Amino acid sequence: MTRRFITTLATAILIGGTTMAETPEDKMKVVQNFFAAYGANDLDGIAAVMDENVKWHIPGRHPLSGTKNGRDEVLAFFAQLGVAGFQADPIYFGADETHVVDIHRGWSNADGKPNIDTTWALVYRIENGKIVEATNLSADQDAANTFFWSQYQLAPVPERLANE
């Protein structure tokens, strides 16, 4: 260890600060923990790696698309993915000081309905050990739209409109 590092560490301890910023590896571990929780259908585990005000962007034109704002909306989205039997197998993780990228195979095996089997990429922003934003990108958005429409039906218009 260098003398400067030791001095900085000692100063931080004395004044109650922190010296070590999250490394790219630390940020990547957050996403790997997310995948482990997702694979186990563990919504509490998913919640544990998300900031309370997380934003999760889902592309497409289907019932689950759009930006999910806050942990509760994101968890509701993942609960619905579980209902459809959608699964994800990680292929690659990469990270730098601000973002983590994962590439994974996303697939389903629903009986009697269209299924999906394609590559997805997600770009995450991690702050203070939590996912604060994620953008989902599909290699085949048309197939994704078809799959999600086959799995989730919207209520008739009068029931779908907000009551004011």
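This is a predicted model: local features need pLDDT of at least 70, side-chain atom pairs count only at pLDDT 80 or more; totals for chains, interfaces and linings use all residues.
Let me begin with the contacts in this chain, where contact means heavy atoms within 4.5 Å: among those between residues at least 6 apart in sequence, 49% join residues at least 24 apart. Residues are numbered from 1 along each chain as its sequence is written, and side-chain values use heavy atoms, with hydrogens and water left out.

The secondary structure comes to 6 helices and 6 strands, taken as DSSP runs numbered from the N terminus, with helices being H or I of at least four residues and strands being E of at least two. Along the sequence these elements follow the pattern α-α-α-β-β-α-β-β-β-β-α-α.

Let me turn to the sheet, which is open, has 6 strands in the order β2-β1-β6-β5-β4-β3, and shows mixed pairing, where two strands pair if DSSP finds at least two bridges between them. At its edges lie β2 (66–69) and β3 (87–95), each of which pairs on one side only, and from one strand to the next the twist averages 20 degrees. Helix α4, residues 71–83, packs on this sheet by touching β1 and β2, and its direction makes about 50 degrees with that of β1; such angles run from 0 to 180 degrees between N-to-C directions, with axes fitted as lines to C-alpha atoms, for helices over the stretch in contact.

Taking the pairs in turn, β1 (residues 50–58) and β2 are antiparallel over 4 bridges, and His57 has Thr67 in β2 as its bridge partner.

Now to the interior. Of the 164 residues, 35% count as buried, meaning under 20% relative accessible area with a 1.4 Å probe and protein chains only. The largest nonpolar core has 36 residues, and those with the most contacts inside it are Phe34, Trp56, Phe78, Tyr124 and Ile131; such a core is a set of buried Ala, Val, Leu, Ile, Met, Phe, Trp, Tyr and Cys residues joined through side-chain atoms within 4.5 Å. Helix α2 gives the most to this core, with 7 residues. Setting aside neighbours within four places in sequence, Phe78 is in contact with Phe34, Tyr38, Leu43, Ile46, Met50 and Trp56.

Helix α5 (residues 141–151) has Ala144, Asn145, Phe147, Phe148, Ser150 and Gln151 as its buried residues, and what covers them includes α4, β5 (117–127) and β6 (130–138).

Finally, the chain exposes about 9900 Å², of which carbon and sulfur atoms supply 53%, with areas from the Shrake-Rupley method using a 1.4 Å probe.

Conventions
Buried means under 20% relative accessible area, exposed over 50%, partly exposed in between (1.4 Å probe, protein chains only).
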